[in-house]
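Please open the model in a viewer and keep the selection tool at hand.

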Amino acid sequence: MSKLVIQNVGKLFPAQHGSEPTRALMPTSLDVADNDFITILGPSGCGKSTLLRIIGGLETASEGKVLLDGVPVSGPGADRGFVFQSYTLFPWLTVQQNIAFGLREKGLAEAERLKIARDWAGRVGLAGFVDHFPKQLSGGMQQRTAIARALANAPKILLLDEPFGALDNQTRALMQEMLLGIWEREQKTVLFVTHDIEEAIFVGSRVVVMSARPGRIKADIAVDLPHPRPYTIKTSSAFVALKERLVEEIRAAIVAADH
Amino acid sequence: MKPLRPVSAPARLGYGLAFFALFVAFWSVATFGGYVQRLFLADPLTMVGEGWSLMTRYGFSFDIMMTIWRVVGGFVIAAIVALPLGILMGAYKPIEAFLEPFVSFARYLPASAFIPLLILWAGIGETQKLLVIFLGSVFQLILMIAVAVGSIRRDLVDAAYTLGAGDRSVVRRVLLPNAAPQIAEIFRLVLGWAWTYVIVAELIGSSSGIGHMITDSQALLNTGQIIFGIIVIGLIGLISDFLFKAVNQRLFPWAKL
């Protein structure tokens, strides 16, 4: 059975000052299997972030519905962990307290909260930084903490909205490996939005390509690369072939939107 | 000098003291040099002498304590009223829409202009003095706290919701800690303003306090005492500012990192 079912979800921004209403997302359907890692790939303005925010409950759909384990989604909740592109750690909390933020909402005792938080800090390689404030961390470390914070809540699904978009290339590559490693060990259902083709292939088991204006799903391509995936796989012929295909798809999507 | 280049801590202290020295030097030249009549402006030495006799013979320390107690008392009451109102206004937009227009209007009512009315209502006792301070600071505090609480990055609130926080939790665990350093800074600022109200309140209908001493000295044309009183107010302001800054840095280390 599908973990997450997206049924004809669309988004229409209402008309303002006499202008036409803007369609950000055509009615879109997508089934996500349990423990799948799906990347949503598309140019900017294709509505991929809007779709993810609707699943996260941060925005309401104009039509259609989202079902998680068969239950309709209404509003944000701890069952859907969210990692943002911007740095969203709470600046007044340390790394450990940030990771434990959601656990307190669940009513866990403090000792247990801190134990889980320490454990997750270790899993994202920040064991030595638990008492640091966000401002003392690099961008990559902040995003690692944000991922740990979302996962510490044990969500049913992890939603990532271009989480590595603001990082430099080297850091980004390391973060991809770390995230993939966590996914291989923990078995999580993940939806990962990106505009980076290589990133979409490397971490994903399935790449959903979206086109812009209005946003809709254009292609749905399985990534048949074995796990665990070392970073060297990026130069393998299978990887390069997939990349060539996706480059074509994305180019076509952008050209179609511009004309 | 290069624009925006920082100065070292000792140099900063030196520059700061240098201006005070320059100020006193200018004052000395004006008074000792005979450019200004003694009747209008006492020289620095006379001022120190008058200050000494005020402290030792006329019990001026009691006046200082009275004034401090009035400022702090009125300000604390204002803060106790303003904090919950400001937080509610900042967090909940309907409450803001309800209160903001009135508070913005009331903010411009000059506290000193209320003194005659307050004397009519509350007499010339302590209540009237506290009310002047209260009226002068409460509306400013409410508005500034509301802005501080409301000015949070939207994505931090979104993040809290996706971590399972409820509406009240978002106010308590996100909006409040986010605004806390700014609120402390607002307290520091408005307390400074409260000092100007207390002196005005004491100039009229008072039997103690720094402002009262200043009016008495005016009747005796004792400019040395007046200047001493003004300098004491400045020093107290400097000390309270310093204390506030030290406490804020201790309480909110993350804000300055």
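Two residues are in contact if their C-beta atoms, placed from the backbone, lie within 7 Å. This is a predicted model, in which local features need pLDDT of at least 70 and side-chain atom pairs count only at pLDDT 80 or more, while totals for chains, interfaces and linings use all residues. Residues are numbered from 1 along each chain as its sequence is written, and chains are lettered from A and ligands numbered from 1 in the order in which they are written.

Select B:Ile145 first. Beyond its neighbours within four places in sequence, B:Ile145 contacts B:Ala82, B:Leu83, B:Gly86, B:Ile87, B:Gly90, B:Ile183 and B:Ile186.

**The nonpolar core.** A nonpolar core is a set of buried Ala, Val, Leu, Ile, Met, Phe, Trp, Tyr and Cys residues joined through C-beta atoms within 7 Å; buried denotes 20 or more other C-beta atoms within 10 Å of a residue's own, exposed 12 or fewer, and partly exposed in between. The largest such core has 131 residues, and those touching the most other members are A:Leu191, B:Ile133, B:Leu141, B:Ile142 and B:Ile145. Next, select residues 126–150 of chain B: this is helix H6, the greatest contributor to the core, with 16 residues. Helices (H or I, at least four residues) are DSSP runs, numbered from the N terminus.

**A final stop.** Select A:Ala256, in helix H8 (residues 237–258) of chain A. Is A:Ala256 buried or exposed? A:Ala256 is exposed, because 12 other C-beta atoms lie within 10 Å.

Key: Helix = DSSP H or I, 4+ residues; strand = E, 2+ residues; numbered from the N terminus.
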